[in-house]
Amino acid sequence: ATIETGSSDDQKIITLNVEEKPTGEITAGAGVSSDGTSFGFSVKENNYAGTGIKLVTSLDLSEDSVKGQFSVTNPNYNYTDKALTANVQSTVTDKLTKNGYKSSKTGFSFGTSFEQFEDFYISPNISSYIEKLETNSSAIESLKKQEGNYFDTTVGYSIMFDKRDRKWRTTEGFVSKFVQNLPILADDKSILNGYEFSKFNKWGEELVTKISLYARAVNSLDDAKDVRISERLSLPRTRLRGFETGKIGPKDGGDYVGGNYATSLNFSTNLPMVFPSVQTADFAFFVDAGNVWGVDYSDTVNESNEIRSAAGIGVNWFTPIGPLNFTLAQPITKASSDKTETFQFSIGTTF
């Protein structure tokens, strides 16, 4: 911007220079583990047709699952300072050969988000899904009892208090978030409660540390029924690096059945002292610890209530084709049945 003197001393001419920047993103990622590989791909447009509407299409593939979704977000619907989001999603988990079951789940969700008070956000939503659960003779007895078709409608909400200095590349502040999902019309009535907290601290000019807590609990409201296999919990990949997603926690026969509870504690710090002359790469060190446990449908299955932990390094390398992310993690503590995943990478670009 430039400021020039106007026709009088109390008038100024302000010239603003606007530079058009890319608003789209293409991201691809892959993981290499002791049990195979996984692949993810997404396309985002953050300013569709210049209207500010965000579009996201993603596809995730692994050895035994396919997940696709499409979402539309209007961050300022009708100039009300309220965001509206619609999402359509389909997930197929085929474990008929390995564990004797297959789950096909398709549905949609619709929600809004708004700032109720300063830095205090509320995000209610409603979702409806149809699921078909198939089993064969090799499935465990608890899964055979759950075979059938399901229709679920749930209402959820999140409450977030956000005191970060900025949302991208945060250096200071904290964010606290509570989430809950309640069944409205469901064949299996289960309630989900969750809490997340992250604290950022800046030391000196460049060093930034982050510590995060993640917790989830899912329980059936019907004493006569158990939490369905597709609703049981696992830890997201970013919450416990060094381990394959969904391959820790309770194991019934050869099947990782997930838990009723999941939690993790994460610490990370950037390493500006590593290759300080390199401006196109960021280095980080992290330590993750987590657990998935709880089996509501059986007293004989091991709950696998053990702390898993890993440490490692990550590199974000900004290249002409987009950012490359590499993560190398070494498990420290684990259960004998856990599956490890020491190396992950992703690549992205903008358009």
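Trainee: How much of the protein chain is buried?
Mentor: Buried residues make up 38% of its 351 residues. Buried means under 20% relative accessible area, exposed is over 50%, and partly exposed is in between, with a 1.4 Å probe and protein chains only. Keep in mind that this is a predicted model, where local features need pLDDT of at least 70, side-chain atom pairs count only at pLDDT 80 or more, and totals for chains, interfaces and linings use all residues. Residues are numbered from 1 along each chain as its sequence is written, and side-chain values use heavy atoms, leaving out hydrogens and water.

Trainee: OK, and how many helices and strands are there?
Mentor: The protein chain has one helix and 22 strands. Those are DSSP runs numbered from the N terminus: helices are H or I with at least four residues, strands are E with at least two.

Trainee: What does the C-alpha trace span?
Mentor: About 85 × 50 × 35 Å along the principal axes.

Trainee: Which residues make up the largest nonpolar core?
Mentor: There are twelve, including Leu 192, Tyr 214, Val 218, Leu 235, Phe 243 and Ala 262. A nonpolar core is a set of buried Ala, Val, Leu, Ile, Met, Phe, Trp, Tyr and Cys residues joined through side-chain atoms within 4.5 Å. A second, separate core has eleven residues, among them Tyr 101, Leu 133, Val 257 and Tyr 297.

Trainee: Back to Tyr 214, what is it in contact with?
Mentor: Leaving aside neighbours within four places in sequence, Tyr 214 is in contact with Tyr 195, Glu 196, Leu 235, Pro 236, Arg 239, Ala 262, Thr 263 and Ser 264. Contact means heavy atoms within 4.5 Å.

Trainee: Now Asp 255, is that buried or exposed?
Mentor: Asp 255 is buried, because its relative accessible area is 2%. You'll find Asp 255 in strand S16, residues 255-256. Not counting residues up to four places away in sequence, Asp 255 touches Lys 95, Asn 99, Tyr 101, Leu 143 and Pro 250.

Trainee: And where does Gly 246 sit?
Mentor: In the loop between strand S14 (242-243) and strand S15 (251-252). Gly 246 has a relative accessible area of 27%, so it counts as partly exposed. Setting aside neighbours within four places in sequence, Gly 246 is in contact with Ser 234 and Tyr 256.

Trainee: How far is Gly 246 from Gly 258?
Mentor: They're twelve residues apart in sequence and 6.9 Å apart in space, C-alpha to C-alpha.

Trainee: Changing topic: which residues make the nonpolar surface patch?
Mentor: Phe 110, Ile 126, Ile 130, Phe 151, Val 155, Ile 184 and Leu 185 make a patch of about 640 Å². Strands S9 (120-135), S10 (148-162) and S11 (173-186) each give two or more residues to the patch. Patches are made of residues with over 30% relative accessible area and no salt bridge, joining like charges within 9 Å and nonpolar side chains (Val, Leu, Ile, Met, Phe, Trp, Tyr) within 5 Å. A salt bridge is a side-chain nitrogen of Lys or Arg within 4 Å of a carboxyl oxygen of Asp or Glu. Accessible areas come from the Shrake-Rupley method with a 1.4 Å probe, and for residues, only the protein chains shown count as cover.

Trainee: Why does Leu 185 count as exposed?
Mentor: Because its relative accessibility is 52%. Leu 185 is in strand S11.

Trainee: Last one: what's up with phi of Asn 78?
Mentor: Phi of Asn 78 is near 55 degrees, a positive value in a residue other than glycine. Asn 78 is in the loop between strand S6 (65-74) and strand S7 (82-95).
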